[in-house]
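These are my notes from a first look through the model.

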Amino acid sequence: MSERLQNLKAVITGGSDGLGLAIASAFAAQGAEVWLIARSADKLAKAAESLKATGATVRFTAADLTNTADIERVGEEIAQAWDRLDVLVNNAGTARYTNFADVTTEEIELQVQLNLLAPYLLTQRLLPRLLTAQGSVINISSTSAHRLIPGRPASIYAMTKGGINSLTKALALELGPQGVRVNAIAPGTVRTSLTRNMIAAFSDERKAAYEQFVKQSFALGRLGEPEEVAHLAVYLASPEAKWTTGSVFIVDGGLSTN
Ligand SMILES: NC(=O)c1ccc[n+]([C@@H]2O[C@H](COP(=O)([O-])OP(=O)(O)OC[C@H]3O[C@@H](n4cnc5c(N)ncnc54)[C@H](OP(=O)(O)O)[C@@H]3O)[C@@H](O)[C@H]2O)c1
């Protein structure tokens, strides 16, 4: 059977863990060469090792994407090494759930810089390589852009993910005539470190209430697994999606149905 992403070159931010690692792994399994970006060099090396063990070709760079100098450095490194870029997955992101009245400027800056500004600047930096490949961008959004959860105050997170949806559409329109596609995936809650940390901070009572919420509010009655989102990213990166751009795809076990 032929590989769906054969010989494609893909950059995945936040590719050392969670959704990003699942996407990198699914891409590599379909023949793509992957380049992972995250802060911890140790975690990156471990992730690269696990992918290489399956026969994948992997590169990685440690960079803090909240820092514009790091974005420039990593963009330069990729542009030097690769003459074309087929897929950029803007996945690195973070969430802080703080009551609106207590949100600090630091929390706003962290989430805006990582969830919104980094995808913007990295895409801009790598645009010449995306143009050469007639490539595509996949932004990882969230159901939090359109479906808030009671008891989980997400003013900044929702704002950044709503922003990434708008950016997806604006770039799709602007870059479409030049042959570059831009889409977003909006996952519901998926079992990753981000989610585990959130649940670990709950009181026992809140944990029980959350379990109940998951059973009632997700049509499928459970949280998602990273791989269940990664399959859609493979489709969007592949030539099968060559007429698909400017769309935000919800993958949320049915959370948005109610
Ligand atoms: N998990 C969910 O339920 C869920 C639902 C909807 C949307 N999402 C979105 O999916 C994306 C991935 O989430 P996840 O749950 O997979 O997160 P995760 O398990 O916490 O992984 C985050 C990844 O991003 C990297 N990262 C974090 N801060 C970074 C920074 N400043 N610079 C560069 N890399 C950084 C992390 O590595 P280092 O720590 O080493 O930097 C790691 O590789 C995010 O955009 C998130 O908003 C997640």
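Entry 1, the cavity. I looked up the residues around the largest cavity and found T13, L65, N90, N91, A92, L114, A118, P119 and L122 in its lining. I note here that the model is a predicted one. I then asked which element gives the largest share of this lining. Helix α4, residues 105–133, does, with four residues. Sorted by type, the lining has six nonpolar residues, three polar ones and no charged ones. For volume I wrote down about 40 Å³ in the largest cavity. Counting cavities of 30 Å³ or more gave me one. As a reminder to myself, empty space is found by rolling a probe the size of a water molecule over the atoms.

I searched the whole structure for aromatic pairs and got five. One of them is W35 with W82, an edge-to-face pair with 5.1 Å from centre to centre and 85° between the planes. Where do W35 and W82 lie? I placed W35 in strand β2 (residues 33–38) and W82 in the loop between α3 (68–81) and β4 (87–90), so this pair ties together parts that are 47 residues apart in sequence.

I noted that the ring centres of F213 and F218 are 6.3 Å apart with the planes at 85°; planes over 60 degrees apart count as edge-to-face, so I recorded the pair as that. Both F213 and F218 are buried. I then looked up the cluster that holds them, and its members are F202, Y210, F213 and F218.

Which residue lies over the face of Y97? I found R152 there, at 5.1 Å from the ring centre.

I located T143 in the loop between β5 (136–140) and α5 (155–175). Its relative accessibility is 4%, and buried means under 20%, so T143 goes down as buried. What is T143 in contact with, leaving aside its neighbours within four places in sequence? My list reads A186, P187, G188, I250, D252, L255 and S256.

Notes: Residues numbered from 1 in each chain as written. Predicted model: local features only at pLDDT ≥ 70, side-chain atom pairs only at ≥ 80, totals over all residues. Heavy atoms only, no water. 1 Å grid on protein atoms, 1.4 Å probe; cavity = no way out; pocket = protein on both sides within 12 Å on 5 of 7 lines; lining within 4 Å. Points joined across faces, edges and corners; volume = space filled by probe spheres on them. Helix = DSSP H or I, 4+ residues; strand = E, 2+ residues; numbered from the N terminus. Nonpolar A, V, L, I, M, F, W, Y, C, P; charged D, E, K, R; others polar. Phe/Tyr/Trp six-rings, centres within 6.5 Å; stacked < 30°, edge-to-face > 60°. Buried < 20%, exposed > 50% of the residue type's maximum accessible area, 1.4 Å probe, protein only. Lys NZ or Arg CZ within 6 Å of the ring centre and 35° of its normal. Contact = heavy atoms within 4.5 Å.
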